[in-house]
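Subject: Structure handover

Hello,

Here is the structure I promised to pass on. Please open it first, then read my notes below.

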Amino acid sequence: MTSTRPITEQSIDDLTPDTGAPLDHGADATLDRINLEQALRDFELANRRVIDLSQRVASLHRELLDARAELSLTRIRLHEADRIIDCLRQSRLFPVVRAVVRATRTLRR
Amino acid sequence: MTTRAQVLLAITVYNGRSFVPAAIRSAIRMDTTNHDVDILVLDDHSPEPGWSEELAVLCRDLRVRYYCTPRNLGIPRNVNLALLSAHEGSYTHVVVANSDVLFPTNLIESLVDVCSTDDTIASVTAWSNNASIYSLPNDDPVMMLSDQDRVDWLSTTVANRYGRTALDVPAGISFCMMIPTWAVRTVGLMDPVFGRGYCEETDWSLRSQQLGFRCTVAPGVFAYHAGKGSNESAGLLRAGATTVDEHELIVDMRYPTFRSDVGAFVASGVLERLHAEGSLTICQAAVREFGYSIEVGYLGGSSSGPAPVVTIDPSTPDSPVSVTFLGFRATIDIDRRPEGDAVGRQIFDFAGGRPTGVNLLDRGPRTQHLLDQLGAEHATPIYPARV
């Protein structure tokens, strides 16, 4: 049965239930040695992979923070630009300038 | 004279009380005339109560080496034990095999032969009814093929046709796959990232190909594979699933072109041709060796059992003529040109003789004409059974 607890909170025995034959059943000195040596290599490999993945997660997290900061800055600038546009639209000169632009376009046709 | 190969056949076991003994008994029957074969049963600490003890006794009685790992490793790491044992034991080849397989007697001979054709072959997968996309189509493999004598006959038959042929494939299937031990040293082991299993041999195959080696299937050897032996019940596979999605994602990430390579391989039509040709080879060998009957009927072959049957659809002059045997189906290529021989003559040529009987399942405008051609004017009318 699959546990609903996070993997870090589970014991190794939860992950690989140790039912079945006793530990010494079907033992073989050569295969036990090969098995143990390879288990240690696998353990080392798994550790390296965890470290590598952690580094990559950390790196991606930094990138995420940088991207978020840049996004916030861009939003602030956008907001400032919107404010300036509103000011321009509200000025008394704006209707005059817009009329001149329209007249120029008409004349060009 | 060829050098004797030293082969380790490793059968990985996890539960499977109902089928593992048959696999081991099948393995010890293998022909060792030209090569030395040691069998190693690797019990991945099966949790089924009492099973590991039973298996140990069985292996002792059959003089097969048995090892039970102190903890459950999962398929990739259990297979790695096999690969490492072969390396340490100075074997020349290792066969990694599931425990729901019936091995043909010519397995080792044929696989070693294929390996010997090219020094760059890193893996040879046996042909089977259940070997992913390479599977030879069969209507009812469990009923028809799970029999040692039939497996031996089938394997001998395809061996006669394909010999040492090696078909290059996108990836091997480790249900029954031979790896020369030099390839283990060069390519390495199965990656334990694949946890309890599935896709590890795909990853291994692709690593071997990246190093310039070949992954092949041997159509000249046939092993019966039940499939999903103990994986579904062990929770390794979700019900109805044939793979583990998370592992497929790892393969996709590591080898972005793999799926398109498989697509191109399938689209090339090589498998389709091989399947059609393989089925025809088996059916033709069967009708020639065991005799056959002919059925004339509109609905096609009613069954595909242990007796070869040629079925003729009498509805149109160019209707297909098919042949079935042990769940295999093939179409006989009949020359329909006016100057071509009569259908009957061509069937007799294909079968190497006349049928033991002709069964008339349906009557129709062309049936009498066909019966005349078949020289079966007094065919047995059994059509009421089909009504």
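Why does H45(B) count as buried? H45(B) has 23 C-beta neighbours inside 10 Å, so this residue counts as buried. The cut-offs are these: buried takes 20 or more other C-beta atoms within 10 Å of a residue's own, exposed takes 12 or fewer, partly exposed lies in between, and C-beta atoms are placed from the backbone.

Before going further, some ground rules. This is a predicted model, in which local features need pLDDT of at least 70, side-chain atom pairs count only at pLDDT 80 or more, and totals for chains, interfaces and linings use all residues. Residues are numbered from 1 along each chain as its sequence is written, while chains are lettered from A and ligands numbered from 1 in the order in which they are written.

H45(B) sits in the loop between β2 (36-43) and α2 (51-61) of chain B. Helices (H or I, at least four residues) and strands (E, at least two) are DSSP runs, numbered from the N terminus. The phi of H45(B) is near 50°, a positive value in a residue other than glycine.

Y198(B) also has a positive phi, of about 95°, and is not a glycine. Look for Y198(B) in the loop between α7 (181-187) and α8 (200-210) of chain B. Y198(B) is buried, because 23 other C-beta atoms lie within 10 Å.

Chain A

Chain A has three helices and zero strands. Of its 109 residues, buried ones make up 6%. The average pLDDT of chain A is 87, and 83% of its residues score at least 70. Helix α2 (residues 29-90) of chain A has the highest mean pLDDT among the elements of that chain, at 95. Helix α1 (residues 12-15) of chain A has the lowest, at 58.

Where the chains meet, 16 residues of chain A and 21 residues of chain B take part in the contact. Two residues are in contact if their C-beta atoms, placed from the backbone, lie within 7 Å. The chain A side that touches chain B divides into six nonpolar, seven polar and three charged residues. Here Ala, Val, Leu, Ile, Met, Phe, Trp, Tyr, Cys and Pro count as nonpolar, Asp, Glu, Lys and Arg as charged, and the others, Gly among them, as polar.

Chain B is assigned domain 1 (6-268) and domain 2 (291-386). Such bounds come from an automatic or database domain assignment. Seven residues of domain 1 and five residues of domain 2 make up the contact between these parts of chain B. On the domain 1 side, helix α5 (residues 141-145) of chain B gives the most, with three residues. By class, that side has three nonpolar, one polar and three charged residues.

The largest nonpolar core has 114 residues. A nonpolar core is a set of buried Ala, Val, Leu, Ile, Met, Phe, Trp, Tyr and Cys residues joined through C-beta atoms within 7 Å. Strand β9 (residues 214-225) of chain B gives the most to this core, with seven residues. The core draws at least three residues from each of domain 1 and domain 2 of chain B. L111(B) is one of the residues with the most contacts inside the core. Leaving aside neighbours within four places in sequence, L111(B) is in contact with residues including V95(B), V124(B) and A218(B).

Around β9(B)

In β9(B), 11 of the 12 residues are buried. Strands pair if DSSP finds at least two bridges between them. Strand β6 (residues 121-128) of chain B pairs with β9(B) in the parallel sense, over seven bridges. There, I121(B) stands opposite R214(B). Strand β5 (residues 101-102) of chain B runs antiparallel to β9(B), joined by two bridges. V101(B) has H225(B) as its bridge partner. Strand β7 (residues 167-168) of chain B is also antiparallel to β9(B), with two bridges. L167(B) stands opposite V217(B).

T125(B) belongs to strand β6 of chain B. T125(B) is buried, because 28 other C-beta atoms lie within 10 Å. T125(B) and T216(B) are 91 residues apart in sequence, yet their C-alpha atoms are 6.3 Å apart.

Best wishes

Terms used: pLDDT is the predictor's confidence in each residue, from 0 to 100.
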